[in-house]
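Colleague: I have the sequence and the coordinates open beside each other, and I would like to go through them with you. Could we look at them together?

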Amino acid sequence: MSYQEVPGTRVPIRMWAGPDDVDDQVMGQLRNISAVPWVHGLAVMPDVHFGKGATVGSVIAMRDAVSPAAVGVDIGCGMTAVRTGLRAEDLPEDLRRVRSALEAVVPVGFDMHGEEVDPASLPLLDERDWDRFWSAFEDLAPSVHHRRDRAHRQMGTLGGGNHFLEVCLDDDGRVWIVLHSGSRNIGNELAAHHIEQARSLPHNQDLPDRDLAVFVSRTPQMEAYRRDLFWAQEYAKRNRDVMMALACRAVLEQIPHTTFEQWISCHHNYVAEETYDGVDLLVTRKGAIRAGRGEYGVIPGSMATGTYIVRGLGNPDSFNSASHGAGRRMSRNKARRTFSRRDLLEQTRGVECRKDTGVIDEIPGAYKDLESVMAAQTDLVEVVAHLRQVICVKG
């Protein structure tokens, strides 16, 4: 499928979403984004759905500006996937044991490590420059300085909501470990601080939505946000890397001959400096991955509908982007009203995971059909592997 362009907007809105995916509320939000003076162009992914300020599943390219609320509060949220040397027959019959081992080493929900994880204790962790990374904490917004200990102890933790840690099988029977998480509380607090700062600036008073308030280049506010934003994005990647190393070590302890091969990591809620048609832009991917030519990405579904490993085709019309997942088709509250625990049991049949009412809002039926999302973006990515969950850990 190629994109369709929305008529009558100030800048191009290129849509890979079908008409059934975009209701009036979503379209109104997209039109509001396109009306912001600094916006250069907007690409809409097939997993699009309504968000706060900016639509989830959108790629917003701006000249000399960035909107902190469009980036959102989970700065740097994204995916990491590792292909192991294991095959399906290498997994134990009782997958509860593996799930319990993963839950023992990776805190979920509001939990955190009792003390900071020492990266040197994780031989699979290739991340470097930890001293440089943590020394930059003192340069962050003063409002978060009292959170330093918490930020240390949340490094390598999953969180809740739609975040997950999974063991999957690809169609050839190879075992993968896949996880989804972001910058945890420190990213949330940095985002909240800057969103409030942006709303108060004079140039943002006449925008169609106060949640689209921007910082503009060559101002102290923009420099402060960029510093905190890029640090939080790095925190998110390091958080996933630490978590994945902990998970790999847990699997290795359960299945001693395990080897670890391909390692893929991608943000899907972040800002990057990129150039298109000779124009330097700040590209916000809010629920979208970068899909430059040859670049690997991870596009998940829900608790029991699988995940795709993809390779980007480098389509400049989408600002080298693709969807970040299946995308919600109903709110969490509506999912809780619509589905029962019996529905959850049926829809997660064959997956070792939580089956209690606390995760009904994450039931597969609350999400769009992943296969339809993938079919709508064949000009953005090519499929490398299709995975299905056998274990899913959620907060």
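**Working through the model**

Modeller: Let me start with Asp172, which counts as exposed at 58% relative accessibility, where buried means under 20% relative accessible area, exposed over 50% and partly exposed in between, with a 1.4 Å probe and protein chains only. This is a predicted model, in which local features need pLDDT of at least 70 and side-chain atom pairs count only at pLDDT 80 or more, while totals for chains, interfaces and linings use all residues. Residues are numbered from 1 along each chain as its sequence is written, and side-chain values use heavy atoms, with hydrogens and water left out.

Colleague: Where does Asp172 lie?

Modeller: Asp172 lies in the loop between strand E7 (164–170) and strand E8 (174–181); helices (H or I, at least four residues) and strands (E, at least two) are DSSP runs, numbered from the N terminus. The C-alpha atoms of Asp172 and Ala385 are separated by 8.9 Å, although the two residues are 213 residues apart along the chain.

Colleague: Now the cysteines: how many disulfides does the count come to?

Modeller: The count comes to zero disulfides, taking a disulfide as a pair of cysteine sulfur atoms within 2.5 Å.

Colleague: Changing topic, is Asn239 buried or exposed?

Modeller: Asn239 counts as buried, at 0% relative accessibility, and its place is in helix H7 (residues 220–254).

Colleague: What does the side chain of Asn239 reach?

Modeller: The Asn239 side chain reaches the backbone nitrogen of Gly156 at 2.6 Å. That falls under polar contacts, meaning a pair of N or O atoms within 3.5 Å; within protein, one must be able to donate a hydrogen and the other to accept it, and residues adjacent in sequence count only if both atoms are side-chain atoms. Leaving aside neighbours within four places in sequence, the residues in contact with Asn239 include Gln154, Met155, Thr157, Ser181 and Arg184, where contact means heavy atoms within 4.5 Å.

Colleague: Where is Arg184, and what is its phi?

Modeller: Arg184 is in helix H6 (residues 184–199), and its phi is near 55 degrees, a positive value in a residue other than glycine. Arg184 counts as buried at 13% relative accessibility. Asp64 also has a positive phi, of about 55 degrees, although it is not a glycine. Asp64 sits in the loop between strand E4 (56–62) and strand E5 (65–66) and counts as partly exposed, at 39% relative accessibility.

Colleague: Which residues does Trp38 touch?

Modeller: Not counting residues up to four places away in sequence, Trp38 touches several residues, among them Asp64, Ala65, Arg10, His203 and Val216. Trp38 is found in the loop between helix H1 (24–35) and strand E3 (39–49), and its C-alpha atom is separated by 6.3 Å from that of Ala65, 27 residues apart along the chain.

Colleague: How many cavities of 30 Å³ or more does a search of the whole structure find?

Modeller: The search finds one, and the largest cavity has a volume of about 40 Å³. A cavity here is a set of points, on a 1 Å grid over the protein atoms alone, where a 1.4 Å probe fits but cannot get out, and lining residues have an atom within 4 Å of a point. Grid points are joined across faces, edges and corners, and the volume is the space filled by probe spheres set on the points.

Colleague: What lines the largest cavity?

Modeller: The lining consists of Glu116, Val117, Pro119, Trp130, Trp134, His152, Met155 and Val242. Met155 is also one of the residues in contact with His113, which is buried with a relative accessible area of 10% and lies in the loop between helix H3 (95–105) and helix H4 (130–135).

Note on methods. 1 Å grid on protein atoms, 1.4 Å probe; cavity = no way out; pocket = protein on both sides within 12 Å on 5 of 7 lines; lining within 4 Å.
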